[in-house]
2 protein chains.
Amino acid sequence: MAALEHGPAELITTARYVMGWEDTSGMPSSGGGKRIRPALCLFAAELFAADPNVAMPGAVAVELIHNFSLVHDEVQDHDAERHHRPTIWALRGEGQAINAGDFLIARALDALINGDGPSERRMAALSVLNAAMARMIAGQWDDISFESRTTVSPEEYLDMVRGKTGALLGAPLAMGALLAGASNDEATRLQEWGETVGLAFQVQDDYLGIWGDPNLTGKSNTNDIARKKKTLPVVHGLSSPGAAKLAALYEPETLNDDDVQAAVDVLEAVKSDAFTKAEGARLVSRANDLLADFELPLDSLGQLRAVGAYLIDRDS
Amino acid sequence: MAALEHGPAELITTARYVMGWEDTSGMPSSGGGKRIRPALCLFAAELFAADPNVAMPGAVAVELIHNFSLVHDEVQDHDAERHHRPTIWALRGEGQAINAGDFLIARALDALINGDGPSERRMAALSVLNAAMARMIAGQWDDISFESRTTVSPEEYLDMVRGKTGALLGAPLAMGALLAGASNDEATRLQEWGETVGLAFQVQDDYLGIWGDPNLTGKSNTNDIARKKKTLPVVHGLSSPGAAKLAALYEPETLNDDDVQAAVDVLEAVKSDAFTKAEGARLVSRANDLLADFELPLDSLGQLRAVGAYLIDRDS
């Protein structure tokens, strides 16, 4: 990929490793994530009957920005692995991981600044991406700051998720639309839809992290609480009357199995499970409303609904 | 400043503190650095007889990018103070310092993406800034990677400095020129001049860090060696015949006073002092050559020379 060719050899190798294109020795590899964001960008261009290639600069840019955010997140969370591969700070140290993330930002923006296509469309897409990046970073700031606060309201939590997770799911849709020549109105509508779907996804993930069936999700349903993650049910529970017991359970570094069960009991007593389910349903309904009077060809609308269902209606 | 108004309150306060606009409690303060980069950007617009205000989006952007780099550098170097104020990671932790730096990048680019003035000029300035940012980050990568290498050639060292320090001194000149409507050729010439001056500055700084008079520079002339900084004289010495003794002196974590003196003796024996002086002189001469056939009004050339002299001919 032209986006990651010029620079110090080790930095380029590292950046290509981050993207999942190469292994640590520079050999081609397949890996990395599901490439949802670039797919959304190309898909949005198709909704407006454009060749998806017109959205390629946006697709490249948003995937590089997503990967920048992963690299810096890993430093912040001290995650030593992602997708069963060592993370960059684990391989190269925190300083170089910070640099690698920073470098990915510059290369992401270059894809739009110097990519193919009419400059005013690229500038419009760049403006959307850059604003989404600022909101994503602000969400990340909030997420870290919430860790040291005793209570966070569900509204504050959802705002944080809208930035941290939603912004970079809505942006590629708007970018693809703008690169295909859609109006600002159409782009904004799609963007809000994508953000709302992203938010619904996270709320559902939060629900499944406590009440999901591990056999279906493939994930533990005790880890979130054992590691004291402040997910939506937890922030709801902690801000409910009867939170004193939950707060007390959350005082030690980690929770043992009995404490986890006790915490779940409190959450169910204050109906945090029902609250989370209702919130998820509200967001799905909001996403559908956003499509209801969207003037797009019927098959485009059908495709959007299918994408939404793929993102939201999953049990894993 | 409009650039830092929207976002989580604490993040905005932190970003404004980084810029030196406010103290930790959000009260106005004066401080921060010398604002050399925005001054160069406004100055470049004036060289082309434009109102310096046309370069304001570039001036804001480059100063925000400079501050992003400082915040991440401080995390990487574990510097607890800058300009006699606690650094962001010291105040808020490394994770939030990484976020604050990332946020400054997004806000920097916004100043050019959504600033006043013709969009093609802003896009041209943005392209220059973004490319300079990538080179600055690559230089920072090299700087850190050099720490764990036994030898670094003077050429590699100068390449690193050209990115780490030069790129963000050359870019604002090109940005100011482009925002004022100058040609790409004129912008590129100014940019190269700025980078060369920046490089000359660093080479002189390296010289003074060992052979400067502390009474004139206000800085220790033993710290660079005691802390094993790989400055130009040192990388020259280490790659010279007779380096074995220097390498041996550089094996412990830090050097005591006797070791520092012994290291200086080796550097002088292999003429690293003369090499560094000559390199500085070569760069100053190169900077002057770049101005020699530059078709600018005489008083503009005179001002450029004065700026160059201010940056280079200093003993502090």
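Let us begin with two helices of chain A: the axes of helix H14 (residues 272-292) and helix H15 (residues 298-312) come within 11 Å and cross at roughly 165°. Helices here are DSSP runs of H or I with at least four residues, numbered from the N terminus, and axes are lines fitted to C-alpha atoms over the stretch in contact, with angles from 0 to 180 degrees between N-to-C directions. That crossing makes H14(A) roughly antiparallel to H15(A), a label for angles over 145 degrees. H14(A) passes H15(A) in a right-handed crossing, meaning that the near helix is turned clockwise from the far one by less than a right angle.

Before going on, please keep in mind that this is a predicted model, in which local features need pLDDT of at least 70 and side-chain atom pairs count only at pLDDT 80 or more, while totals for chains, interfaces and linings use all residues. Residues are numbered from 1 along each chain as its sequence is written, and chains are lettered from A and ligands numbered from 1 in the order in which they are written. Chain A averages a pLDDT (the predictor's confidence in each residue, from 0 to 100) of 91, and 97% of the residues score at least 70. For the complex, the predictor gives an ipTM of 0.92 and a pTM of 0.93.

A second pair in chain A is helix H3 (residues 56-77) with helix H5 (residues 94-113), packed at an angle of about 165° with axes 8 Å apart. H3(A) and H5(A) are therefore roughly antiparallel to each other, and H3(A) passes H5(A) in a left-handed crossing. Among the residues that meet are A:Leu64 and A:Phe68 from H3(A), and A:Leu104 and A:Ile105 from H5(A).

Now for the two chains together. A rotation of 180° with 0.0 Å of shift along its axis superposes chain B on chain A, with an RMSD of 0.0 Å (by least squares on the C-alpha atoms of residues with pLDDT of at least 70 in both). That is the relation of a two-fold axis. In the interface, 35 residues of chain B are in contact with 35 residues of chain A. On the chain B side, H6(B) supplies the largest share, 15 residues. The copies meet through the same surface, because 100% of the interface residues of chain B are also interface residues in chain A.

Notes. Contact = placed C-beta atoms within 7 Å. Parallel < 35°, antiparallel > 145°, perpendicular 65-115°, else oblique.
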